[in-house]
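Hi,

Here's the structure I promised to pass on.

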Amino acid sequence: MKPRAVMVAAVALLAVWELVARLWGDPLLPPALVVLHRFVLELPRELGLHAAASLGRVVGGMALAVLTAVPAGLLLGQHPRANRIFGPVLYLLYPIPKVVLVPVLMLLLGVGNLPKIVIIALILFFQMVVLVRDNAMAVRRELLLSVRSLGAGPYQLLRFVYLPACLPAVFSAIRQSIGTSIAVLYVAELFATRLGLGYYIYLAGSTLFDYPAMYAGVVAMSLMGLGLFWCVDWADHHWCAWSRAGLGETVAATDESA
Amino acid sequence: MAKAKSVFHCTECGYEASGWMGKCPGCGSWNTLVEERTPATASSSLNGGKAAARGWLPGEAGPLKGEASGAVDLADVEAGSEQRFATGIREMDRVLGGGFVRGSLVLVGGDPGIGKSTLLLLLAGLLKPQSGTVCFGGQPLQGPSGRTGLVLQDYELLPWATILQNVMLGLRLRTHPPATGKEDALAWLDRLGIRDIAHRLPHEISGGQRQRAAIVRALMLEPELVLMDEPFSALDAPNREALQQLTLDMCAERRITLIVVTHNVEEACLMGQQILVLSDATNRHPAVLPNTHATGGAGLADPALAATCVRLKERLRVPA
C-alpha cells in the first residue's frame, strides 16, 4: 500500500467524520478536528505514556509468540509423527476464543504485564504455528535432497532451508493477528492496571465522560495498529521479496521454460 | 587419496597454475588456462590416484569396468520391494560389476518408476538401501559424501538467496570455507556466462540460467562424480544443446564421472559414452549400449551417433 494513498484515505475519512459530527451535534461524537487537537495536546503527556505501555505489551506478546511458535511449527512440519500427535490438539485449541481466558490468566500469572503479554502471545501462537508448520511441510523434497547433497546436516537444513522458508509465514501470521491482538489488549487492559490505552479509553469514556479524550485514545490505538502493520509489511518486503514471485512484481519476462 | 598432478598453463602469458581458475592470475585474462596432462596423471589409473578415481581420460572412451578404486559399486543393493525396481538395480550392479564408471554413463528408460532416480539417490548417499551397501571409492557410503554433485530437473535453488549465494551454499556449509570462495564462484559463473546475474534471485532469471547456476553449485565443491536427473528436460532446445555440451566439456576437463538419468533418446546418445537401457520387468533384455561417438562435438549430424539413436529407439519402443 502506498503511503500517499493511505494519507488520502485518512483525510477523506476524517472529512466524513467531521461532517457527520457537525451535522449530528451530539457530545457522544465530537468533531474530528476537536479530537485531533486533543490528541496532539495529550500525546506528549499522559497519552504517550499509555501508548508506550500498550505498545510494549503488544510487541512483547508478538516476540513471545515468535519464540515459541516458530520452533513448534518447524518441529511439527519436519516430523510427521509429532504432527500426528499434536496436530489434533492444535485443531481443537485453535478455535477457542483466547480472550475469555483473560481472567483465568490473571489468577494464574498475577496482575502485572505478564498475563497481558501471554494472552496476546496465545492468540498469535496458534495462527503462527499452523502457518509455519504448513510452510515447513511444503518445502520441496528435491530442494532438501539438493542441499543435503552439498553436505548439509539437520542443523544446517534448519538454518539454510526451513527458517528462511518459514519467514513469510511468520510475517503473515503477525499481520493477520495485529487487529485481534489490539482488540484483546483493550480487554486485558480493563483489568487491574492503571497504564495502557485500554485503561485510558475506558476511563475517559465511561468514568470521566471526556469524549474527545476517549476518541484521542482510540486514534492512538488505531495508529499503533497501523504502525505495526507497516513495520511488518516493510520487513516482509525487505526479507521475503522472493515469496511474491509470480505475483507480477519482478518476474523477468525472459523465462523460456514452463 | 593422492592428489593427481595436473598443471594448467595460460595460453596468453604462460602462467603456471596448479588448478583451473576462471581468471589467469598472471595476465588477468579470462578462460585462458589450459590443462597439460603430466605423465604422472596419465599413468595413475592403476595406483588409485584421483584422476583414476574420476575415471575420465579424454579422448579415450574406455570400458565401464576397471580395477582401480574410486568405483561406484552397488553390492547386493535392494532399495525397494517392487520387482521392476529391483531389475534396474540388478542391471546397474551388473554393469558396474565391482568396477567403476568411466567417463559418462546415461541411464535411459521409457517408464517412470523404474528406479532411475532412486538409483541416483542411492549413488548420492541420500537414500539408504534396504539391504546391501553402495560403495564409492572403495568405501561404503554412509550418507552424502561431499564428493558427489547432484543436479535435478527443477534446479532446486534456494528461492530466497541470490545466484551467488546459491552457488556458494556448498562452501558455506563447510566448516572451513576457502577464502577465495567468492572469486571462485564468480569465475565459475563467468565461465557459464551468468556472471551478470550473480545478484539476482532465481525467480528473476530464465530456466537455462537457473540450471547453469545449479551446475555451478554442484561443480564448486570439486566433486568426483556428478549425478544429473533429467537435467535439461525443462529447457528449450538451444539451451539444452548448449548445456549438454558444456556439461560434457567441463566434466572431461575436470575428470568428473558423469551419470545422467534421462528419458530423452537424443540426449542419451549425445551424452552417454555408455548407455544403460532400463526397461520394465517384462523386458528380459536390458542392455548396455557402448557409444563411442558421444561427446564428439558433431552432435546428431554424426551418422554413427544417429545410428545409435535409432537402435536405442528400437529398444525402447513400446509394443503397439
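Below is what I found in it, going from the whole chain down to one residue.

First things first: this is a predicted model. Along the principal axes, the C-alpha atoms of chain A fill a box of roughly 70 × 55 × 30 Å. Of the 258 residues in chain A, 33% are buried. I also looked at contacts between residues at least 6 apart in sequence: 75% of those in chain A join residues at least 24 apart.

Now for a pair of helices. Two packed helices are described by the angle between their axes and the distance between the axes. Here the pair is helix α2 of chain A (residues 32–78) and helix α5 of chain A (residues 114–137), whose axes come within 6 Å and cross at roughly 30°. Angles under 35 degrees count as roughly parallel, and α2(A) and α5(A) are therefore roughly parallel to each other. The crossing of α2(A) past α5(A) is right-handed. Where these two helices touch, the contact residues split into 19 nonpolar, six polar and three charged.

Is G48(A) buried or exposed? G48(A) has 12 other C-beta atoms within 10 Å, so it is exposed, as the cut-off for that is 12 or fewer. G48(A) is also 52 residues from V100(A) in sequence, and their C-alpha atoms are 28 Å apart in space.

Cheers

How values were computed: Residues numbered from 1 in each chain as written. Chains lettered and ligands numbered in written order. Predicted model: local features only at pLDDT ≥ 70, side-chain atom pairs only at ≥ 80, totals over all residues. Axes fitted to C-alpha atoms, helices over the stretch in contact; angles between N-to-C directions. Helix = DSSP H or I, 4+ residues; strand = E, 2+ residues; numbered from the N terminus. Parallel < 35°, antiparallel > 145°, perpendicular 65-115°, else oblique. Left-handed = near helix turned anticlockwise from the far one by under 90°. Nonpolar A, V, L, I, M, F, W, Y, C, P; charged D, E, K, R; others polar. Buried ≥ 20, exposed ≤ 12 C-beta atoms within 10 Å, placed from the backbone. Contact = placed C-beta atoms within 7 Å.
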